[in-house]
Amino acid sequence: MLTKISDTYFASSIEPEYEQGAVDVLNSYSIWMNGSKMTSLEDMQAEWQEPGFDRATDTRVIVSADGQVTGYADVWDVSAFHVR
């Protein structure tokens, strides 16, 4: 489900239709920073299925009005304990 954040951009958790776009965003940044891709669609799909990871609450994509993914973020908080 897309949430409007401006007239031209929307936010969503990672949905199947945005997966490749999220990988493309990650790889574009990695190529710019390091000169090489950092991940593949298959690797990210495996990560999104890790135990304790919830795609609905732990990911966000920014999607333009024409459907292009322009941003991606995730939070890896799969640790059972946060304090000791």
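Before anything else I noted how elements get their names: helices (H or I, at least four residues) and strands (E, at least two) are DSSP runs, numbered from the N terminus. With that, I placed Thr 59 in strand S3, residues 59-64.

Ground rules, for the record. This is a predicted model, where local features need pLDDT of at least 70, side-chain atom pairs count only at pLDDT 80 or more, and totals for chains, interfaces and linings use all residues. Residues are numbered from 1 along each chain as its sequence is written, and side-chain values use heavy atoms, with hydrogens and water left out.

Entry: Thr 59. Is Thr 59 buried or exposed? I got 2% relative accessibility, so Thr 59 counts as buried (buried is under 20% relative accessible area, exposed over 50%, partly exposed in between, with a 1.4 Å probe and protein chains only). I then looked for polar contacts, meaning N or O pairs within 3.5 Å; within protein, one atom must be able to donate a hydrogen and the other to accept it, and residues adjacent in sequence count only if both atoms are side-chain atoms. The Thr 59 side chain reaches the backbone oxygen of Arg 55 at 2.5 Å and the backbone nitrogen of Ile 14 at 2.9 Å. Skipping neighbours within four places in sequence, I listed contacts (heavy atoms within 4.5 Å) of Thr 59, among them Ser 13, Trp 48, Phe 53 and Tyr 72.

Entry: Ser 13. I found Ser 13 in the loop between strand S2 (9-12) and H1. Ser 13 counts as buried because its relative accessibility is 12%. Not counting residues up to four places away in sequence, Ser 13 touches Tyr 18, Arg 55, Ala 56, Thr 59, Arg 60 and Val 61.

Entry: Thr 57. Thr 57 lies in helix H3, residues 55-58. At 55% relative accessibility, I logged Thr 57 as exposed. Thr 57 and Ser 12 are 45 residues apart in sequence, and their C-alpha atoms are 9.8 Å apart.

Entry: the helix pair. At what angle do H1 and H2 pack? I read about 110 degrees between H1 (residues 19-34) and H2 (residues 41-48), with axes 10 Å apart. That makes H1 roughly perpendicular to H2 (65 to 115 degrees; under 35 is roughly parallel, over 145 roughly antiparallel, the rest oblique). From H1, the residues Glu 19, Gln 20, Ala 22, Val 23 and Leu 26 meet Leu 41, Met 44, Gln 45 and Trp 48 of H2.

Conventions: Axes are lines fitted to C-alpha atoms, for helices over the stretch in contact, and angles run from 0 to 180 degrees between N-to-C directions.
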